[in-house]
Amino acid sequence: MRRNSELSIRLRRLLGALKFPLISVAVGLLVGGAIIAFSGHNGWEGVKGLLVGGFGSMHAVTTTLNRATPIIFAGLSSALAWGSGYASMGISGQMILGALTSSVVAVACPGPAPLVAAVSLIAGMAAGMLYALLAAWISARFEASLLIITLMLNYIADNSASYLTTYTFRDPTAADRLAVQTQKITGAILPRLFSKYTVHWGFVLAVVFVLIMLFITRRTSFGYRARMSGLNPRFAEYGGVDSLKTMYLMMLLSGAMAGLGGAAEALGTRFRYVDKMITSPGYAWSGITASLMSSNHPLGVLLSSIFLAGLTTGGASIELTMNTPSEITSIIQGVLTMLVTAKFAVGWFRRRRSQRKGVSRDV
Amino acid sequence: MFNIGYFSAIVSSTLRMCAPLLYCSLAAAICQKAQVFNIAMEGMMMASAFFSIVVNYFTNSVWLALLAGVAGSVAVAMILGLFIVKLKASPVIVGMAINTMMVGLTTYLMYIFFGTKGVFTHPSLVGLPKVALPFGGVAADMLAGLTFVDYGAFAASALAFVVLYRMTVGYRLRAIGISPEAARSMGTPIESYQFATLAVSGALCGLAGVLLSMGSVTLFIQNITSGRGYIAMAANNLGKSHPLGVLAASLFFGCCQALGNFLQNTSLKGQITASIPYAATVLALILFTVRRRAARKNKIRKVLNDR
């Protein structure tokens, strides 16, 4: 009996946590449908096409999981930084450097393939960490806004990676002379899970890190401290949390996840660094959206990342079948993000309504 | 080595690069004064640049295009206001969401209207009219190619100074930034002030967007703003949200962009020169703090010596 009620409380809490993301998803899809309808197609068919294209078949699901891999890493990275209160926009730059570093190391490093793959993943992770450390250091040492610094560093990373790929590490054997990409990684790759589908071991790695994150944030004092300094920095400081140390640590971990995400994408999907391979699909922003949708909960990050990746796969599919631009995905994602952050909105409406009724109630 | 023609070309390019930045950093400055954190200037500019080109294409009227651009930008500003002023959502997230959404939306609509996703330009599009100068010589070279909207940016900076520091509205606005509680107890309707400020910032970003798509070139490119909204935030930081300080900071960043564009023609590679404005922003923010710290130290030393 007692057990039963405990279960129902947990269930209700879960439903409560899912309410806002689900409403936001529904409204986001509605807006997406309206825009598809505006462009002269059947809106209902469009939304159906988005979902079926993203999740409707084994091929769609595995493509979605493949696409979700870098987004999960970006989402974890964002959950680490934003969840502890640091407005870092630097995930994109860290992923770029992670991807470039790992693909250069994977080609240059001799040795047995699995070992080289591991070394290059770690190298990518380290690159992301260093870049995050740079941003954290500039921001802490010179009292500059972390937000602006990370945004600027993203542009610098993108341009530098583009420069290095064009002039230093360019693949001389490429059939397409215009392709700006590094040499193909032959041995040290993340192999596919099923030979027919694109989803690779990077996805398993991402799930492992989700579980590690879950353990750290919910079961260790370190995770507790970090969460506290995110919720209320002054209280955390009063309680003896060294906020500067926490910031460096969280930024380092966030950079590690981002760098690893870039590396996994390079080693598992592209097998090389291709110019703009991180920025043009907008992995970093999708990751931030995923962590917001789930209030930085690791399992939520996993699910929302897969959902967002599914929208992207679906968007690409309806671009082919219905000739509607795939950018519909980023519009839906934007609407969704805004609604998720405005969850206080519901509280506001409720308060207003109760004020009108003359009932004062704390919400 | 030093060539007066080269110099005046750089000055004219600096002024042209500075104008949109100045509009945006003024927008950031007034928003900061009114305690609204506006990071959606990128999205506002993009909306304006796009809708002005659309209206320009269908009507061939510069004025209607200008109006459409400003209206589009103000509409985006109002959406931002709804979310962050009324609904108290996180301004950083809503702003970033608007920015990424506008990239998607403008690309989507560009494909629907014009059937292309990359660059759109058409011979029938009309650019903003260039101001004819009554004098010639070096001074005219320095001001070459400026439209009246470019001049408007500098006028807007002076106007912002007058409104913020010499008028009652400005005092009230600044009071909100200094202490919202005090402002509220004085009877200032804070939310209305914030909405109005956002509307004005939307109009300013709208003018910036029109300059990007119809100023020195008349076209729309995917992601036409390329981070100018963020650089404007840095300029606002450096200029301490003061209209004249912001003017100086925008001139500096405009100069960096102009230099970046000029060095493209030399042996330096495009990716390096494209990074110059962003690297300059980081360096400027660092140096700003270093100098401020040194000044603080000197002040303390002076006080101690005077004793």
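Biologist: How many helices and strands does chain B have?

Modeller: Chain B has 12 helices and 2 strands. Both are DSSP runs, numbered from the N terminus: helices are H or I with at least four residues, strands are E with at least two. This is a predicted model, where local features need pLDDT of at least 70, side-chain atom pairs count only at pLDDT 80 or more, and totals for chains, interfaces and linings use all residues. Residues are numbered from 1 along each chain as its sequence is written, chains are lettered from A and ligands numbered from 1 in the order in which they are written, and side-chain values use heavy atoms, with hydrogens and water left out.

Biologist: What is the mean pLDDT of chain B?

Modeller: The mean is 90, and 99% of the residues of chain B reach 70 or more. pLDDT is the predictor's confidence in each residue, from 0 to 100. For the complex, the predictor gives an ipTM of 0.86 and a pTM of 0.89.

Biologist: In what order do the elements of chain B run?

Modeller: From the N terminus on, they run α-α-α-α-β-α-α-α-α-α-β-α-α-α.

Biologist: What share of chain B counts as buried?

Modeller: Of its 307 residues, 51% do. Buried means under 20% relative accessible area, exposed over 50%, partly exposed in between (1.4 Å probe, protein chains only).

Biologist: Why is Ser124(B) called partly exposed?

Modeller: Its relative accessible area is 29%, so Ser124(B) falls between the 20% and 50% cut-offs. Ser124(B) sits in the loop between strand 1 (119-120) and helix 5 (137-142) of chain B.

Biologist: Which residues does Ser124(B) touch, not counting those up to four places away in sequence?

Modeller: Tyr57(B) and Asn60(B). Contact means heavy atoms within 4.5 Å.

Biologist: What makes Leu18(A) partly exposed?

Modeller: A relative accessible area of 37% puts Leu18(A) in the in-between class. Leu18(A) lies in helix 1 (residues 2-38) of chain A.
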